[in-house]
Amino acid sequence: MLTRTRALELDYPSGGENVYNTYSGSGGIPIGSYWRRLLFARHLNDWRMLFSDQLTGESQLLYRRNIVKRVQAIAPFLRFDHDPYPVAVEFDVQTSNTDSPPSSLYWIIDAYTTSDRYPYSDPRNNDFNYIRNSVKIVVDAYNGSVTFYIADPSDPIIQSWSRLLPQMFRPFDSMPPALRSHIRYPQDYYQVQSNQLMTYHMTDPQIFYNREDEWREPNEIYANESQIVAPYYLITKLPIADTEEFVLLRLFTPSQRTNLIGWLAARSDGENYGKVLLYRFPKQRLIFGPEQIEARINQDPLISQQISLWNRQGSQAIQGNLLVIPVEDSLLYVEPLYLQADQNRLPTLTRVIVAYGNRIVMAETLQQALDAIFADAPVDGTPVDSTVEANPEAPPNGTIVRPLPETGVEGALP
């Protein structure tokens, strides 16, 4: 992209007019001279740069605007997380050690050091058997500046790279607090750790050798198709914590069964960053897994009837991701239900399904579902949905309350 040219740069539309702006950041490469234009015209295979009358002596080229390609070009010796995330921060200009404007948008990317030569380490399906989340990368979304912070100074690989490139890496403590508060536990790193845990949680040699207690990741129904329940971020209060915090959660079920056997939570807040909590459920109790809850939802007469009515010609009911949320000493299951037209598809949140213990609820909003499922008794009233009329105990606003089979338990944690 070329900027600071004679051509106007569209910023955003405002009413019936357009608002124009000129890029004023520090991320451009000057191409005012003829030789620079010739060099980049050859490199980009765009010879119009040599003959355009829109360029001036102050024109600049914004090059490698894709943040992933940008950091890969700078540090090809690192691996990068698949999910960079944006952060909006507001710096105090008087106390901040950053050159950015008071309000800025940044991208944070997790980077890893890896090796395939670590002795006696099982790579499983990876092409490495050693991985550390040693670097946090901050990319200024406006200026394009890239800063590398060492998040794990004990890693010998990043120590070596830091000695080879002494001006490239900064200590993690030098990251502005406004940015440091947005650091989260990386997904790819967590995925590798939890994959290893599914086998290596077995500490008894005989059980490990026979794979008697191996775990797997459960499945869920999404858009009428079965898929693996991926790790997800949520704000919740862990059993060992006093307040809510931002965690990355993954569920586990036994390899040959569908009940829930445990979950792994990676913490991201403050001094708890990097701590991982594994919670196991007692094997003698039945804790509903995602597949069992999905089965309860799809075999419930009232809920399945409502979904079938929506799945008529011209529309489709889509079951969203099922979330299993630890709440105090129990588990709460939440699944959104979307309605989508076959033409001009734009999914709309239509219902929210909540399961807790032996009860299951479908309501128009999450708050209505929570009120209904935790109420001592359903509230009488005229339902909105015709499918609810068959239930004399149905509360208003189209809420469906159904008890789960008595074979289940309250989902209480030990």
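Let's begin with the charged pairs: a search of the whole structure turns up 9 salt bridges, where a salt bridge is a side-chain nitrogen of Lys or Arg within 4 Å of a carboxyl oxygen of Asp or Glu. Before I show you some of them, a word on the source: this is a predicted model, in which local features need pLDDT of at least 70, side-chain atom pairs count only at pLDDT 80 or more, and totals for chains, interfaces and linings use all residues. Residues are numbered from 1 along each chain as its sequence is written, and side-chain values use heavy atoms, with hydrogens and water left out.

One of the salt bridges joins the side chains of Asp-83 and Arg-184, at 2.8 Å from N to O. This pair links distant parts of the chain, 101 residues apart: Asp-83 sits in the loop between strand 6 and strand 7, and Arg-184 in the loop between helix 5 (177-180) and helix 6 (187-200). When I say helix or strand, I mean DSSP runs numbered from the N terminus, with helices being H or I of at least four residues and strands E of at least two.

Are the two partners buried or exposed? Asp-83 is partly exposed, at 26% relative accessibility, while Arg-184 is buried, at 12%. The cut-offs here are under 20% relative accessible area for buried, over 50% for exposed, and partly exposed in between, with a 1.4 Å probe and protein chains only.

Now look at Asp-81, in the loop between strand 6 (79-80) and strand 7 (85-90). The side chain of Asp-81 does reach the backbone nitrogen of Asp-83, at 3.0 Å. Leaving out residues up to four places away in sequence, Asp-81 touches Asp-110, Tyr-112, Pro-186, Gln-187, Asp-188 and Tyr-189, with contact meaning heavy atoms within 4.5 Å.

Two further salt bridges deserve a look. Glu-291 pairs with Arg-216, their closest N and O atoms being 2.9 Å apart. Glu-291 lies in helix 8 (residues 290-299) and Arg-216 in strand 12 (residues 215-216), so this pair ties together parts that are 75 residues apart in sequence. Asp-116 and Arg-117 also meet, at 3.9 Å from N to O, and both Asp-116 and Arg-117 are exposed.

Ala-75 is another one to find on your screens, in the loop between helix 3 (67-74) and strand 6. Ala-75 is buried, with a relative accessible area of 0%. Beyond its neighbours within four places in sequence, Ala-75 is in contact with Phe-80, Phe-148 and Met-168.

Gln-60, in strand 5 (residues 60-61), counts as buried at 11% relative accessibility. Its contacts outside four places in sequence include Met-1, Gly-25 and Ile-31.

Now for some backbone geometry. Most residues other than glycine have a negative phi. Tyr-120, though not a glycine, has a positive phi of about 55°, and Arg-124 also has a positive phi, near 55°. Tyr-120 lies in the loop between strand 8 (103-115) and strand 9 (130-140), and Arg-124 is in the loop between strand 8 and strand 9 too. Tyr-120 is exposed, at 88%, whereas Arg-124 is partly exposed, at 32%.

Finally, the overall picture: the chain has 10 helices and 24 strands, and buried residues make up 42% of its 414 residues.

Key
A polar contact is a pair of N or O atoms within 3.5 Å; within protein, one must be able to donate a hydrogen and the other to accept it, and residues adjacent in sequence count only if both atoms are side-chain atoms.
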